[in-house]
Amino acid sequence: MAVNREDAPEVVLGVSAGIAAYKACELLRHFTESGHRVRVVPTADALRFVGEPTWAALSGRPVATGVWDAVHEVPHVRIGQGADLVFVAPATADLLAKAAHGLADDLLTNTLLTARCPVVFAPAMHTEMWEHPATRASVETLRARGAIVLEPAVGRLTGADTGRGRLPDPEELFAVARRVLRRGDGGADLAGRRVLVTAGGTREAIDPVRYIGNRSSGRQGYALAATAAARGAEVVLVSANVSLPDPAGVEVRRVGSAREMREAVLAERAKADVVVMAAAVADFRPATSTGSKIKKDGDLPAPIELAENPDILAELTHERARDSLGEQVIVGFAAETDRVLENGRAKLARKACDLLVVNQVGEGRAFGTEDNQAVALGADGSAVEIPHGPKEDLADRVWDLVGERLALG
Ligand code: CTP
């Protein structure tokens, strides 16, 4: 996405002293190459990892770390005031703690206090530091104030260890920035909410190499997870057989079959304010799956007998009622090939969810495509048309409708 130079958004890229600072160089390139104006504000120690000339050359702007340079321009106030977005990557435990307490001993922390635009923190640190109660408290405070604090990714950390604490890929961070800028002020309306999203299509094993599956690409579910994270939510994404990159700030749990998906969803559902079942769950599975590959030169295999899979969505609404989790919002998706509204209404009633997003599939529509269109049917009798457009737009519309219901709860 290139933006017009005239009204190019002004981005402050804050960089604190983590080894992942080198990835912020690539993030900076994504911003500048798509026409954003970027002012890099590193901490003094961040310059031990990536030096001032690199930031200055890549941004084409002067770089300062303290409040005593060019004092006549009052940079400690002006930079924050003039920003459309402040994006801190990587955000260390120290930086998060300072921001949570409102400390202002350098240019970046001053900028965080004067910014009135959306602020995103992309933390990166060792797992122990991320999990420490002090860091948890900082993150909670910042989220409660409306800042977007992305969950770090899981993977290789500095040295030989692995765990949660990695800075997500620059491309995915840039996608978050783009989404936040698109929404503008007030974008973090899901801050402090936990959401659980399912995506993709389950596969039901016939033998170790064959399965019964469906055409779902997972794009709509990934768009829902990514947009929720960009609106400040803590997101768990249960993903079945999807080959898309993990969205930044989203905790991804991989599953294969419907029964595995059920287990992953039920383990998380009680903590979730919102559950969105966007996955295409197979209704049936082979009653038995052979341990070795079925050979064509053996006896002709018997017809595959099917057993019914659990209906996860129906179970979720049933458990919500049982546990008196009245404020939880549950959303289903339905793909229909014909009699779309009629089938949708019947399904909404059968599954007892709050919203059912119904789209028409077949003839190249919805599966594997970039765009989608749907009608969102509400348990309150409402029907909202969601016009044809990118799956991210549809996702944002769904979160708007969910937001209305959360506000009522
Ligand atoms: N769903 C589920 N568990 C299943 C089947 C579906 O949780 N075993 C969820 C899907 O994730 C989706 C909604 O139910 O949110 C509707 O899925 P769909 O396949 O359209 O509904 P079915 O109950 O399978 O109805 P049918 O196949 O008869 O259209």
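Tutor: Helices and strands here are DSSP runs, numbered from the N terminus. The model is predicted.

Student: Is Asp354 buried or exposed?

Tutor: Buried means under 20% relative accessible area. Asp354 has 18%, so the residue counts as buried.

Student: Which side chain does a polar contact join to that of Asp354?

Tutor: Beyond its neighbours within four places in sequence, Asp354 is in contact with residues including Gln328, Leu348 and Arg405. The polar contact has a length of 2.7 Å. Its partner is Arg320.

Student: How many residues apart in sequence are the parts that Lys351 and Asp311 tie together?

Tutor: The side chains of Lys351 and Asp311 meet in a salt bridge of 2.8 Å, N to O. Lys351 lies in helix α12, while Asp311 sits in the loop between β15 (306-308) and α11 (312-322), so the pair ties together parts whose separation in sequence is 40 residues.

Student: Why is helix α5 largely enclosed by the rest of the structure?

Tutor: The buried residues of α5 pack against several elements, among them β1 (10-15), α3 (75-81) and β4 (119-123). Leu107, Asn110 and Thr114 are among those buried residues. Helix α5 is largely enclosed because the buried count is 7 of the 8 residues.

Student: Which residue's backbone nitrogen does Asp106 reach?

Tutor: Asp106 is at the start of α5. One of its side-chain oxygens comes to within 3.4 Å of the backbone nitrogen of Leu108.

Definitions and conventions. Residues numbered from 1 in each chain as written. Predicted model: local features only at pLDDT ≥ 70, side-chain atom pairs only at ≥ 80, totals over all residues. Heavy atoms only, no water. Buried < 20%, exposed > 50% of the residue type's maximum accessible area, 1.4 Å probe, protein only. Helix = DSSP H or I, 4+ residues; strand = E, 2+ residues; numbered from the N terminus. Contact = heavy atoms within 4.5 Å. Polar contact = N/O pair within 3.5 Å; in protein donor to acceptor, adjacent residues only side chain to side chain. Salt bridge = Lys/Arg side-chain N within 4 Å of Asp/Glu carboxyl O.
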